Each structure stands twice: as C-alpha cells, then as structure tokens.
Amino acid sequence: MNTLSYKTVSANKATADKQWVLVDADGQTLGRLASKVAKLIRGKYKPSFTPHVDCGDNVVIINAEKIQLTGKKWSDKSYIRHTGYPGGQRSLTATEMFEKDPTRLIEKAVKGMLPKNKLGNALYKNLYVYAGAEHAQEAQQPTAINLNDLK
C-alpha cells in the first residue's frame, strides 16, 4: 500500500527554536499588546508549537511609559491584592500603579494571559520590560517586529 504518512512533530527543550524579539510599546493599547506578546512568549505563532513545552521567543518590550489605555481605564481599572491578614485587601488604580512603575502594567497584563502553572511561571521569565528606549539585552541582538502585522 502506497499512502502518505504524516507524523506529528512534537518540540522539546532541545529542538525548540527560541529567538529574541524586540517590541516597541509606543502608542500601543495595553490589552492588545499583552495578548500578542503572550502568544509570542508561548510560541503560538510558530508551526512547531507544542502546548506543554517552552518553545516561544524571548520578548523585550521598550517604551512601557508610552502605553495607552482606552476609555476611563486610567481611573476605573483597579489592581487588587491581599496582604494575607484580615482586612488586608489593598487596591491601586492604573494611574497609581503607572506612577510607581510603568513596567508593572504590562507585566501584570501579560502574566494574566499565560497559563497558571509551572510552565506559565517559566514562560514569564522570558519577558523583559523597560520603561525607556534603552534595554540591557543588546548582546542578544533582538530583532524588532511590528505587532500590527501579527494576527
């Protein structure tokens, strides 16, 4: 019998093709940027995507201080945490968090879009966010990409 056979190729840590990618957040909307970056980190844009393996790219985001939020989210969006003590619920608005550290807005948005398990924690370590245009990953020579070209 002469039939074609297709084998499903499953990537592993050794065969994963990881690259360094540079993303400029200047003028981007927070949620749209975060969802595309989460897909890049996860490796979903690659044909060799494997759900249980870290096969995504390392992403460097610059100009985090120039991110945009739509509508009244600067004042209405709240980030809630708990200290662990009774009555220890604390919250910050997006403006307050942005004033403390502009990179935390992007980091929290991307982390929330990654899996909530050990793989998600490992994937999160592939994200590097910087407030300005300077970054510490020059030695890796990241390739700049335009997020608007991705689906």
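Analyst: Let's settle one word before we start: a residue is buried when its relative accessible area is under 20%, exposed when it is over 50%, and partly exposed in between (1.4 Å probe, protein chains only). Helices (H or I, at least four residues) and strands (E, at least two) are DSSP runs, numbered from the N terminus. This is a predicted model, where local features need pLDDT of at least 70 and side-chain atom pairs count only at pLDDT 80 or more, while totals for chains, interfaces and linings use all residues. Residues are numbered from 1 along each chain as its sequence is written, and side-chain values use heavy atoms, with hydrogens and water left out.

The strand to look at is β2, residues 58-62, and five of its five residues are buried. In a regular strand, side chains alternate between the two faces of the sheet. Here N58, V60 and I62 sit on one side and V59 and I61 on the other, and both faces are covered.

Now for its partners in the sheet. Strands count as paired if DSSP finds at least two bridges between them. β2 belongs to an open sheet of four strands in the order β5-β2-β1-β6, with parallel pairing. The edge strands there are β5 and β6 (143-144), each pairing on one side only. With β1 (residues 20-24), β2 pairs in the parallel sense over five bridges, and N58 is the bridge partner of W20.

Getting from β1 to β2 involves helix α1 (residues 30-42), and the three make a right-handed β-α-β unit. Right-handed means that, with the strands pointing away from the viewer, the path from the first strand over the helix to the second runs clockwise.

I61 also matters for the packing picture. A nonpolar core is a set of buried Ala, Val, Leu, Ile, Met, Phe, Trp, Tyr and Cys residues joined through side-chain atoms within 4.5 Å. The largest one has 30 residues, and V37, I61, I106 and V110 touch the most other members. β2 is one of the elements that supply at least two residues each, along with others including β1, α3 (94-100) and α4 (102-111). α1 gives the most, with seven. Leaving aside neighbours within four places in sequence, I106 is in contact (heavy atoms within 4.5 Å) with I61 and V129, among others including L33 and A64.

A salt bridge here is a side-chain nitrogen of Lys or Arg within 4 Å of a carboxyl oxygen of Asp or Glu, and the count comes to two. In one, D54 pairs with K18, with the closest N and O atoms 2.9 Å apart. D54 lies in that loop and K18 in the segment before β1, so the pair ties together parts 36 residues apart in sequence. D54 is partly exposed at 22% relative accessible area, and K18 is partly exposed at 32%. In the other, K46 pairs with D57 at 2.7 Å between the closest N and O atoms. K46 and D57 are both in the loop between α1 and β2, eleven residues apart, and both are buried.
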